[in-house]
Amino acid sequence: MSSVDLLPALLVVVPILMATVPIALGLRYDRTGWAVTLATTIALFAGTVYLATRVYGASGSNLEVAVIHQLGGFPRPMGIELVADTLSTMIALLVTGTALGLLAYTRVGGPRGNTFYSGYLLLVGGLLGLTMTGDVFNMFVFLEIVGLGTYALISSGDGPESAVAALKYLIIGTVGASIYLIGVGFLFMATGTLNMIDLAATVPTLEGQNLQLARAAFAFIFIGFAIKVAQWPLHSWQPDAYQHAPDGVTPLIAALVSTVSAYALARLMFTVFGADFIASTPYATELVVTVGAVSVVAGSVLAVIQTDVKRMLAYSSVSQFGLIVAAYGLLTETALVGALIHLVGHGLMKAGLFIAVGVVALGYGARTVDEYAGLASSRPFAAGSMAVLLITLVGIPPSIGFIGKWYIAVGAIEAQAWTVAGVIFLSTMLTLAYVARLLEKMYFTPSSALELPHGRGRDHDHDPDHGAGTPVTDGGHSTGTRQVTVGMLGVLVVTAVLAVALGFAGDVFFELLAPFVESADLEVSA
Amino acid sequence: MIELLGTHYAYALMFVLLGIGLYMTIASENLVKKLIGVNLFQTAIFLFFVAVAYVEGGGSPVVPADPDPGSSELLLASPLPHVIVLTAIVVGIALTAVGLALIVRIHSEYGTLREDTLREVRADE
């Protein structure tokens, strides 16, 4: 076993073990959590980058380039594996990168305290485990670790509202994970194995009663993940959870938790069950596409009528994940790559947007769409980055939001799924509706003291420094420790630039994901 | 049909328990009872896994100290589902603990455990 084979295990174990350090040090020192977390996430990010150079540097089929760690040295049918293939490495990069970037926000703005950072590290460890696990039962365990971390972080908000939102998420999320566990049970009955690579070899050979069991397993697994990915009508936990979580936590859970769940669904659909199995199951593709398409429309419509910005962006997530799930159901190569690009892109955009919401709430006290009036003149950096990310969300080229949607649309047309193509068009219009509302408020509505809480708005109008000064003095009138820092704005601007720059990287994504997509054995586009 | 139920009663029981658990989770207004419903739902799944692994006349998969030299066959129950259930029970306990902690927080803030009262209290704010 060479040293790189250890990396997948270290990436999972190190954050979970390090999660105990802030609490232990907290007995003696007050504020060590941030430093410990920063050191750990830098190490994790460096490890993932090194892993990525190995995985993407090698050539061959998906299993040949993958870095596989066999826990305890037990080989495949018996042992448990951690697999970093081309797809999971990409998601691991997103997870560690976002976790690292977000620390710039939580340094000053987020919920502080050592227990918060313990939860943070636990969540990152769980997410990396969920990304790289090669065992369907271990996926359940990591799903629950991610769940536990998320519930704890959501409830770390100041108000009691966050506890109610966390309990709602806990009950719905546990039922979702349990339904997935039933699916695992059926799959085990049908095949007698839990390893994904073994399952992928066994599932196509199933016949008779075992085939029926595997189909039941697919149904349970899909419903379980439909809850975790927040598909309509099982999405009701998500807006509450996103809205009531502390500002420093929402970017993490919005960008990562549902994204990694959606990745896990892709892993199960395309690696474990395989495209042939899903295509041969009656009504399976139709149902997956319908659930996704209905989520797109329902999420967008609900987002348009929201007044709270965080809630609006939460409903927008329902719609974007609907697009991804619908693209899974199309079962074409182009649509799958589009869905995976959109998965990464959406994670990036939502992380940036929720950081922007946090920055605005910190420095400006604004939470509803109306309160965003005149933001552009008093907070040019925050408003500018937010505007770029919002436009990216609509899917205007060049941006990562555009190429994701573009490939999904092309895949829909190739699969002759005209409804999906129409839904993408309709949802883009609806996205533009709620994005334009916010842009109009930020750039074209003058701020008035009445619309701003705490009456701070007046000062911005004759502030000589605004726009020209350093980002620290960028309209920062709030007193106390909770101020908008250079780090926050820096992360925000970097995210916005990245969201645009990756818009030119469509071919790169195609190339990097090629081994995985080939292993999924899909219909090749004409 | 009756015969099938007679031999597969554990599966039937699992789905009955699953239904009761889900109904409690959805219909009960009391938050603690909701959590008990979730627990019941999970326990039904544990029962399902145990039933899958059951082998008529099978022993535990521990190699006997003094194996009977006469019989060449050793009938064993699969240990894997049992291990899975053990892990899932641990996960379930952790979730219940977190859920109860959240309920304690909600009760100390709002002074109620009932969801309908909670909705009224929150609507007033």
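Tutor: Let's start with the term itself: a salt bridge is a side-chain nitrogen of Lys or Arg within 4 Å of a carboxyl oxygen of Asp or Glu. Side chains of opposite charge can pair when their charged atoms come close. Before we go on, keep in mind that this is a predicted model, where local features need pLDDT of at least 70 and side-chain atom pairs count only at pLDDT 80 or more, while totals for chains, interfaces and linings use all residues. Residues are numbered from 1 along each chain as its sequence is written, chains are lettered from A and ligands numbered from 1 in the order in which they are written, and side-chain values use heavy atoms, with hydrogens and water left out.

Over all chains, the structure holds 9 salt bridges. One of them joins Asp116(B) to Arg114(B), with 3.3 Å between the closest N and O atoms. How covered are the partners? Here "buried" means under 20% relative accessible area, "exposed" over 50%, and "partly exposed" in between (1.4 Å probe, protein chains only). Asp116(B) counts as partly exposed at 25%, and Arg114(B) is partly exposed too, at 40%.

Still in chain B, Glu115(B) and Arg119(B) meet through their side chains in a salt bridge, 3.5 Å from N to O. Both lie in helix α5 (residues 115-124) of chain B, 4 residues apart, about one turn of the helix. Helices here are DSSP runs (H or I, at least four residues), as strands are (E, at least two), numbered from the N terminus. An α-helix has 3.6 residues a turn, so residues three or four places apart point the same way. Glu115(B) is partly exposed at 26%.

Now over to chain A. Asp370(A) forms a salt bridge with Lys441(A), and their closest N and O atoms are 3.6 Å apart. Asp370(A) sits in the loop between α16 (333-364) and α17 (375-378) of chain A and Lys441(A) in helix α20 (residues 418-444), so this pair ties together parts that are 71 residues apart in sequence. Asp370(A) is partly exposed, with a relative accessible area of 46%, whereas Lys441(A) is buried at 17%. Chain A also has a network of salt bridges that links Lys168(A), Asp240(A) and Arg311(A).

Rings of Phe, Tyr and Trp (its six-membered ring) pair if their centres lie within 6.5 Å; planes under 30 degrees apart count as stacked, over 60 as edge-to-face and the rest as tilted. By this rule the count comes to 19 aromatic pairs over all chains. Among them, Tyr180(A) and Phe225(A) are edge-to-face, 5.2 Å centre to centre with 70° between the planes. That pair links distant parts of the chain, 45 residues apart: Tyr180(A) is in helix α8 (residues 161-191) of chain A, and Phe225(A) is in helix α10 (residues 208-228) of chain A. Tyr180(A) is buried at 0%, and Phe225(A) is buried at 0% as well.

Phe186(A) and Phe220(A) make a stacked pair, 5.5 Å centre to centre and 20° between the planes. Phe186(A) belongs to helix α8 of chain A and Phe220(A) to helix α10 of chain A, so the pair ties together parts that are 34 residues apart in sequence. Phe186(A) is buried at 10%, but Phe220(A) is partly exposed at 22%. Follow these rings into chain B, too: Phe186(A), Phe220(A), Tyr11(B), Phe48(B) and Phe49(B) form one aromatic cluster.

Finally, have a look at some covered spots in chain A. Gln320(A) is found in helix α15 (residues 309-330) of chain A and is buried at 2%. Contact means heavy atoms within 4.5 Å. Not counting residues up to four places away in sequence, Gln320(A) touches several residues, including His342(A), His346(A) and Tyr434(A). Thr495(A), in helix α22 (residues 486-501) of chain A, is buried at 10%. Setting aside its neighbours within four places in sequence, Thr495(A) is in contact with Leu348(A), Gly352(A) and Leu389(A). As for α6(A), 17 of its 19 residues are buried, so this helix is largely enclosed by the rest of the structure.
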